[in-house]
Amino acid sequence: MLDMHPPILEARHRRRRFVSLAASGVGLLACTLALAAGKPPPGVAANCPTRATLLVEHFIAAGCLACWQATPPALGAMPVSAKEWSLDWITPGADDAAMAPGALPEAADRLARVGADLPARLASAPGAFDAITALSRPARGRRFYVHSSLPHNGYMGVQMHAAGVWPAGSTAWIGLVELIPVGTRDTVIARRLVRVLVGPVKLPDGPGAGNAVAPLYGLRWPENAHADQLVATAWIENADGRIMQMATDRCADPR
């Protein structure tokens, strides 16, 4: 069975997962965030796959535990190299589905943005789908990165920064992703499971340093997540829902 600390199959799903730090006045997280800004976590290399040309998204229905446990090349288990980005999504199903507590409502929305027909496709066997997206090269004049605080009291402060001119209709998304190593919690491939997601955030539509966005959130992770394996992650989607760029708090800021 899937072991998600405590097992993801045994924990309750939490609906209130984030608050705006600006609105809530959570000063401690904001201060911690400022101290941590620009510094990757101890022992983590600053070079994330910023030069990656591909993103692989694994979508798995909450009722298909076998899909999570599958061995490549099964659907939902496409292997990803260290030089590529990946995201794992568990889409909601019945309340008693095997992985229901690990499902994220936003996963179904993300799947629909990838393809309007895909939610229906995922509802039938085998209940898993892999989406491969070609990423865009960072464009001159744009800046995009994300910072995070240290975990505190079930929350992590996360701030996404974006500046420059982006294609019309582009949006930013910010969340917490849990890194699940090979051979743990019943997976034979490394997983980057999306646990919390906030968005869409409108991006700047003009040049200049003053034309930028830097939303700041306090994100609450689920009780069944490993706090020490959570990574603040953000990405940019174009108007059609295609992810163009990604960043994590383990990446060095663009210069």
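These notebook entries record what I looked up in a predicted model of one protein chain.

**Entry 1: Confidence**

I began with the confidence scores. The chain averages a pLDDT of 82, and 79% of the residues score at least 70. One covers residues 1-16, for which the model has 44 contacts beyond four places in sequence. Another covers residues 22-28, with 3 such contacts. Where pLDDT is low, the predicted coordinates should not be read in detail. I therefore set the coordinates of such low-scoring stretches aside.

**Entry 2: Disulfide**

I counted 1 disulfide. Cysteine 64 and cysteine 67 form it, with their sulfur atoms 1.9 Å apart. The angle about the S-S bond is 65°, and I recorded the link as right-handed.

**Entry 3: Proline 72**

I found proline 72 in the loop between α3 (65-69) and β3 (85-91). Its relative accessible area is 29%, and therefore I listed it as partly exposed. Which residues does proline 72 touch, leaving out those up to four places away in sequence? They are Ala77, Pro79, Val188 and Ile189. For proline 72 and valine 188, I noted that the C-alpha atoms are separated by 8.3 Å, although the two residues are 116 residues apart along the chain.

**Entry 4: Salt bridges**

Side chains of opposite charge can pair when their charged atoms come close. I counted 6 salt bridges in the model.

One of them joins the side chains of aspartate 88 and arginine 191, at 2.8 Å from N to O. This pair links distant parts of the chain, since aspartate 88 is in strand β3 and arginine 191 is in strand β8 (residues 191-202), 103 residues apart. I found both aspartate 88 and arginine 191 buried.

I next examined glutamate 237 and arginine 113, whose closest N and O atoms are 2.8 Å apart in a salt bridge. Glutamate 237 lies in strand β11 (residues 230-237) and arginine 113 in helix α4 (residues 105-114), so the pair ties together parts that are 124 residues apart in sequence. Glutamate 237 is buried at 1% relative accessibility, whereas arginine 113 is partly exposed at 23%.

In the salt bridge of glutamate 178 with arginine 185, the closest N and O atoms are 2.6 Å apart. Glutamate 178 is buried at 0% relative accessibility, and arginine 185 is buried at 8%. Finally, I traced one network, in which salt bridges that share partners join Glu57, Arg110, Arg113 and Glu237.

Definitions and conventions:
Residues numbered from 1 in each chain as written. Predicted model: local features only at pLDDT ≥ 70, side-chain atom pairs only at ≥ 80, totals over all residues. Heavy atoms only, no water. pLDDT = per-residue confidence, 0-100. Contact = heavy atoms within 4.5 Å. Disulfide = S-S within 2.5 Å. Helix = DSSP H or I, 4+ residues; strand = E, 2+ residues; numbered from the N terminus. Buried < 20%, exposed > 50% of the residue type's maximum accessible area, 1.4 Å probe, protein only. Salt bridge = Lys/Arg side-chain N within 4 Å of Asp/Glu carboxyl O.
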